[in-house]
Amino acid sequence: MPEGPSIVILREAAAEFVGRKVLHVTGNSTQDIQRLRNRTLRAVRSWGKHLLLQFPGFSVRIHFLLFGSYRIDDSKDAPVRLGLGFSKGQCLNFYACSVRFIEDDLDAVYDWSGDVMSDAWDAAAARRKLRARPQALAADVLLDQDVFAGVGNIIKNEVLHRIRVHPESRIGALPPRKLSELVTQARTYSFDFYRWKQAFELRKHYQVHTKRSCPRDGTPLQYRKHLGAAQRRAFWCDTCQRLYGDPPAAAEAPPRRTAKRAPRPAR
């Protein structure tokens, strides 16, 4: 699933179509996508993992789910969910994604202060939301789009390693300094991700995600295929990432195993 920084990169690339008219529409979406024909694209925006295409009177939300992708001025050998054709043969194609129309004004629908890559990001509001969830796991709150819109599983794993916090730590048990670090690094790492992705070198900067040993101390990393309420993959170091608060009960989480026993995942 593309994370927030990847959506920002797409938003910037798709901005070349702003002010241009959609000449033809293709795709297998069940939405009434033909209403886009002869409409002028007014703006391309993003919120978290949502790409937002603004037209007069309505917008289109693109969510890439787990396996979505896109092509600009190109196509791939797969069914198009939504394809927008412009003049000079240019096009914007989306695959294996969710397409939804938004009839209301986007500023009334989205809280831009919750997007970790937005200029309107509000760190104080994020801290307040976290303090209201003392029993939540650190791994879960980082994936909560109401708190950290745009943060995905890669950013989650890397942020927790960066700030030396175990993914099963309880939010209410984190010292104030660690809580602030979590909020700060959710945004800081997202911009690092953005910069590395643009330079086509993101994976070489992974410290724990899909890795086998901790770069800080050499300890074999722990791996959980399904961790927390979000049931997402987790990689962490038991040596340098401290567990704050009571660990989850056995019913909340299956036994751990080290990453060296797990298949090497690919993205």
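**Salt bridges across the chain**

Lys204, with a relative accessibility of 62%, counts as exposed, a word used here for a relative accessible area over 50%, while buried means under 20% and partly exposed in between (1.4 Å probe, protein chains only). This is a predicted model, in which local features need pLDDT of at least 70 and side-chain atom pairs count only at pLDDT 80 or more, whereas totals for chains, interfaces and linings use all residues. Residues are numbered from 1 along each chain as its sequence is written, and side-chain values use heavy atoms, with hydrogens and water left out.

The side chain of Lys204 meets that of Glu201 in a salt bridge, at 3.6 Å from N to O, the term standing for a side-chain nitrogen of Lys or Arg within 4 Å of a carboxyl oxygen of Asp or Glu. Glu201 is partly exposed, at 26%. Salt bridges with shared partners also link Arg162, Asp192 and Arg195 into one network.

Over the whole structure, a search finds nine salt bridges. One of them joins Arg35 and Glu103, at 2.8 Å from N to O. Arg35 sits in the loop between strands E1 (24-26) and E2 (43-47), and Glu103 in the loop between strand E8 (98-102) and helix H2 (106-109), so this pair ties together parts that are 68 residues apart in sequence. Helices (H or I, at least four residues) and strands (E, at least two) are DSSP runs numbered from the N terminus. Both partners are partly exposed, Arg35 at 25% and Glu103 at 45%.

Asp107 and Arg45 form another salt bridge, their closest N and O atoms being 3.1 Å apart. Because Asp107 lies in helix H2 and Arg45 in strand E2, the pair ties together parts that are 62 residues apart in sequence. Asp107 is partly exposed at 47%, and Arg45 is partly exposed at 23%.
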